[in-house]
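User: Hey, I've got this one open in the viewer and would like to talk through how it packs. Can you walk me through it?

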Amino acid sequence: MSATVLICFAVVMAITVGIAVWAGRKVSDPEMMYAAGGRISPLQNGLAIMGDFVSAAAIFGSVALFFTAGASMAVYSVAPLVGLCLLLSLMAGPLRRLGRFTIGDVLMAKLPRPYVRMFAGCCTLVLSQMYIVAQLVAAGSLFSILLAIPYSLSVSVIGILVVLYVGYGGMLATTWVQIGKAVLLLSGVVLMGVLAVVKAGSLTALHAKAQAAFGPGMGALDSLTTSSFSTLSLAASLVLGMMGMPHLLIRFLTVPDGRAAERSVLISAALVALVLATILLLIGPATLAFVKGVPAYESAPGEIAGGANMIFIHLSNALGGELLAGIIVAVAFSTILAVVAGLGVAMSSTAAHDIFVPWQEGRGKTPSEKANRLIFRLTAAITAFIGVLLALLLQHENVAFLSALAFGIAASTNFPILLLALYWRGLTGPGAVAGGSAGLILSIGLLIAGPTVWQKILGHAEPLFPSDYSTLIAAPAAFLTAMVVSLLGRRPQRSSRSPAISDAVKRL
Amino acid sequence: MLKLITSVLALALLVPLLAGMLGVIDGLSMGSSFGVPNTIWMALAEMTALVLLCGVTTIALRSSHEDVE
């Protein structure tokens, strides 16, 4: 690994640690720790949401998908924007008005029962931990190759840094790391897109080279999944999962009001579209034009050196030499840190606010601010420790399934409960828990029964369920179960919608 | 009402996406413009439409806030 890459890497690490130390001095109360004091501007929050959504796995994965499947990866570009659009029109405003620190606050406004909050908290912990493991495995593999260090050291360093950011700087540090990463990522992707066109001579020439390298069918849309059900279910996971991922949803609690929350979604949608459109139009074809078939980037004929995730790094080297490659590696590093830190904040605030507080209150005690903060920091450390441990155990597993599982669970648990809580006055506590449980069990169960786990990992001849994506079944089942259980157990003499929720929905 | 209309519009935009993924529009979009496959132009157009829809929704929601407040 060259000195240029190491210097870029060290500079980014120093800046992010500096941000954590600066934020740590400003964190004086739970409001600041969990929600950055609610004083983040819409532009800053838009950048941070974009930073949360566009993870290294998303960038490297999208580029690798274009490299292998051509325009079929368009579903990964369009679906998030549909998700953001629905998030804006249905959830951003009410979430900010009803929530304080976590999505558990939103549920408590509708269903003031501690067990609902604790159930939602447990779902958040499970799916965020899976997403953290997926990010850590991907990051560990990538940086062990890039920096020529052992995988275990790579994963452990990221884990330690995340504990520092989350435990010391809380949401404020995480938000500013996200903002810095988003600006770096945006600049890097746009710069690479421009360089690709310049190197090819024109947009037409770039696509001509790409099509020549890909062969026939680069513009076809049918090569990504094996069936219509899988395609639809994948799109549903991406769209609905986005509206249930806690680390994205709690971003709306860092701005002053509902209007600022809505404006930040608009800004993030524009930024996400810019990044994904540049990948679809310029960077994806550039990988085919300048990386495919180039011996310097292959370990054997037809095999990319370091695996498919390295394609983006190889392209940066092809377009801008070692300096650009160093910058992109540093950007990737900050991206992974920022996303894992965002997940860490979501989990820590959930453990402290949605599980520890109701548990203490159930025992007749009022937890102190100090105890609350201790639980927050302890959760950050435990989360990182479990994440590193699982990442070491799952080093050779397919991380795409941990990510898919996290999005699938979010689409089948948090999303149905939240949407029903906001828009259906008949939802009851048992209905919410039953619906969320049905979604949780089905999404995990069907993934295990699917082709990758049941057939490829467990070695059975045929899968029990024909697709790896179960959201089309699990999410409707969660809605249906929640509604049926609520209707069966409803007490007609009592309205379950609290004044707070009615007011928030009316103000939409 | 504005929220409902924008939500329906968002879902309406989801339909061509899914139809495209299913290959229904695949046959209609063969060929290329300026050397770029038409499928990519279609995806970009849809992404632009979605960002514009987000903008319209934000304005609509702001108006509805002002109506209430």
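Analyst: Axes here are lines fitted to C-alpha atoms, for helices over the stretch in contact, and angles run from 0 to 180 degrees between N-to-C directions. Helices (H or I, at least four residues) and strands (E, at least two) are DSSP runs, numbered from the N terminus. One caution: this is a predicted model, where local features need pLDDT of at least 70, side-chain atom pairs count only at pLDDT 80 or more, and totals for chains, interfaces and linings use all residues. Residues are numbered from 1 along each chain as its sequence is written, chains are lettered from A and ligands numbered from 1 in the order in which they are written, and side-chain values use heavy atoms, with hydrogens and water left out.

User: Which residues touch the most other members in the largest nonpolar core?

Analyst: Phe143(A) and Phe290(A), out of 184 residues. H13 (residues 311–362) of chain A gives the largest share of this core, 24 residues. A nonpolar core is a set of buried Ala, Val, Leu, Ile, Met, Phe, Trp, Tyr and Cys residues joined through side-chain atoms within 4.5 Å. Buried means under 20% relative accessible area, exposed over 50%, partly exposed in between (1.4 Å probe, protein chains only).

User: What is Phe143(A) in contact with?

Analyst: Leaving aside neighbours within four places in sequence, Phe143(A) has contacts (heavy atoms within 4.5 Å) that include Phe9(A), Ile158(A), Val329(A) and Phe333(A).

User: Switching topic: is Gln360(A) buried or exposed?

Analyst: Buried, at 10% relative accessibility. Gln360(A) is in helix H13 of chain A, and touches Lys365(A) and Pro367(A), not counting residues up to four places away in sequence.

User: And where does Arg377(A) lie?

Analyst: In helix H14 (residues 369–393) of chain A. At 32% relative accessibility, Arg377(A) counts as partly exposed. Arg377(A) and Gly170(A) are 207 residues apart in sequence, yet 8.7 Å apart in space, C-alpha to C-alpha.

User: What about H3(A) and H12(A), at what angle do they cross?

Analyst: Roughly 50°, with the axes of H3 (residues 42–53) and H12 (residues 258–290) of chain A coming within 7 Å. That makes H3(A) oblique to H12(A). The contact divides into 11 nonpolar, 4 polar and 1 charged residues.

User: Last one: how many helices and strands does chain B have?

Analyst: Chain B has 2 helices and 2 strands, running α-β-β-α from the N terminus on. Of its 69 residues, 46% count as buried.

Key. Parallel < 35°, antiparallel > 145°, perpendicular 65-115°, else oblique. Nonpolar A, V, L, I, M, F, W, Y, C, P; charged D, E, K, R; others polar.
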